[in-house]
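Please read the report below alongside the sequence and the model.

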Amino acid sequence: MFGYVLDEVFVHHRAPAGHPERPARVEAVRDALLAAGVRERGHAVPARPVKDEELAAVHTGSYLDDLTRAVPGRTGWLDPDTYFSPGTWDAARAAAGGVSELALRVLSGELPRGLAVVRPPGHHAEADRAMGFCLINNVAVAARAARAAGAARVAILDWDVHHGNGTQRIFWDDPSVMYLSVHQWPYYPGTGAPVEIGGEHARGATVNVGLPAGSGDDEYLAAFDEVFVPTLVSFAPDLILVSAGFDAHRADPLASMRVSRGGFGAMADRMRAVAERVAGGRLVVALEGGYDLDGLAGGMSEVLRALADDAVAVSLDQLAEAPPRVISAPARAALAATLEARAAGGRP
Ligand SMILES: [Zn+2]
């Protein structure tokens, strides 16, 4: 029975009027997952507060000091996009702690897979700064906690429409944690070029696919089938974490991609299949962005289906034998640029 994190604490991170990263996001996901029977099909895992040592494994002491001085119980801004309210500190600590707890329980074998519906999101948060609605890098905290608990290799797959600059930077020179991202390119936050493949000690452990605006299911699935799936199979992580944003949905107000609800399900199916093949099935999906409530709730419902079903919906062998998808020429060039950068830069 898979585990899930779903908690009222995330509603109390209150947004200023008109801000897209708002409590209604997790309420919409909660309602959709409850309607899909998440309580009956899964096992609730508490969103416990992140531990100090888990935070210290990712963020600098001076940044954590700044946060604990500025944020608890107060209202304000950490950068032009990133607000906080009196409930933010508890929500941020629960988001990182919830994802970490789920990852540790999956790693130990207590639960086979996990789904974390958390906010604030995390993938823009760097070791020493808040950015892009993110205070604490939830998935990075979970990856480091899993490493500390004995995982030799962890992979983070980020399908949020924005590049996860924070996650990339945190693991830039760490060959034990692979970071793979597909994102709109060029776009906020400006990082994520195909030539960004990792630091001196981790060449090839960062994988960036920057797709042109207007890309949809076929372009995304080509990135998975031609780049991410074979790369993950050869890396053979002990655990796969997914930074799951749903802002590549065609209705999303913040970006210009055209992914459908079913497209998110197909991406989740591939991560489930890769996890079953090389990671003992160990897969944890954590919410990042996604600002159209129906697109967000629909995409998460598809992820729930992919995680909750006993059977895996896709066969990697069949995918490997399928001819390349017909996709736009700029998207085809984007995939080629990623593969060329990998070939030129070496692999871990
Ligand atoms: Zn995003």
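Leaving aside residues up to four places away in sequence, Arg270 touches Phe224, Val229 and Val314, where contact requires C-beta atoms, placed from the backbone, to lie within 7 Å. The structure is a predicted model, in which local features need pLDDT of at least 70 and side-chain atom pairs count only at pLDDT 80 or more, whereas totals for chains, interfaces and linings use all residues. Residues are numbered from 1 along each chain as its sequence is written.

Arg270 has 23 other C-beta atoms within 10 Å and is therefore buried; the term applies when 20 or more other C-beta atoms lie within 10 Å of a residue's own, while 12 or fewer make a residue exposed and values in between make it partly exposed, with C-beta atoms placed from the backbone. Between Arg270 and Val312, which are 42 residues apart along the chain, the C-alpha separation is 8.8 Å.

Arg270 belongs to helix H9, and helices (H or I, at least four residues) and strands (E, at least two) are here DSSP runs numbered from the N terminus. H9 is largely enclosed by the rest of the structure, because 14 of its 18 residues are buried. From its first C-alpha to its last, H9 reaches 26 Å, close to the 26 Å expected at 1.5 Å a residue, the expected span being 1.5 Å times one less than the number of residues. Just after H9, Gly280 takes a positive phi of about 60°.

How does H9 (residues 261-278) pack against H10 (residues 293-308), and at what angle? The two helices pack at about 30°, with their axes 8 Å apart; axes are lines fitted to C-alpha atoms, for helices over the stretch in contact, and angles run from 0 to 180 degrees between N-to-C directions. H9 is thus roughly parallel to H10, given that angles under 35 degrees count as roughly parallel, over 145 as roughly antiparallel, 65 to 115 as roughly perpendicular and the rest as oblique. The residues of H9 that meet H10 include Phe264, Ala268 and Arg272, and those on the H10 side include Glu302, Val303 and Ala306. The residues of this contact between H9 and H10 divide into five nonpolar, four polar and five charged.

Elsewhere, two peptide bonds to proline are cis. The bond from Trp185 to Pro186 has omega near -5°, and the bond joining Tyr188 and Pro189 has omega of about 5°. Pro186 lies in the loop between strand E7 (177-184) and strand E8 (206-211), and Pro189 is also placed in the loop between E7 and E8.

Phe133 counts as buried because it has 26 C-beta neighbours inside 10 Å, whereas Ala236, with 13 C-beta neighbours inside 10 Å, counts as partly exposed.

Helix H6 is mostly covered, with nine of its 11 residues buried. Among the buried residues of H6 are Asn138, Val141 and Arg144. Gly150 follows H6 and has a positive phi near 120°.

Definitions and conventions
Two residues are in contact if their C-beta atoms, placed from the backbone, lie within 7 Å. Ala, Val, Leu, Ile, Met, Phe, Trp, Tyr, Cys and Pro count as nonpolar, Asp, Glu, Lys and Arg as charged, and the others, Gly among them, as polar.
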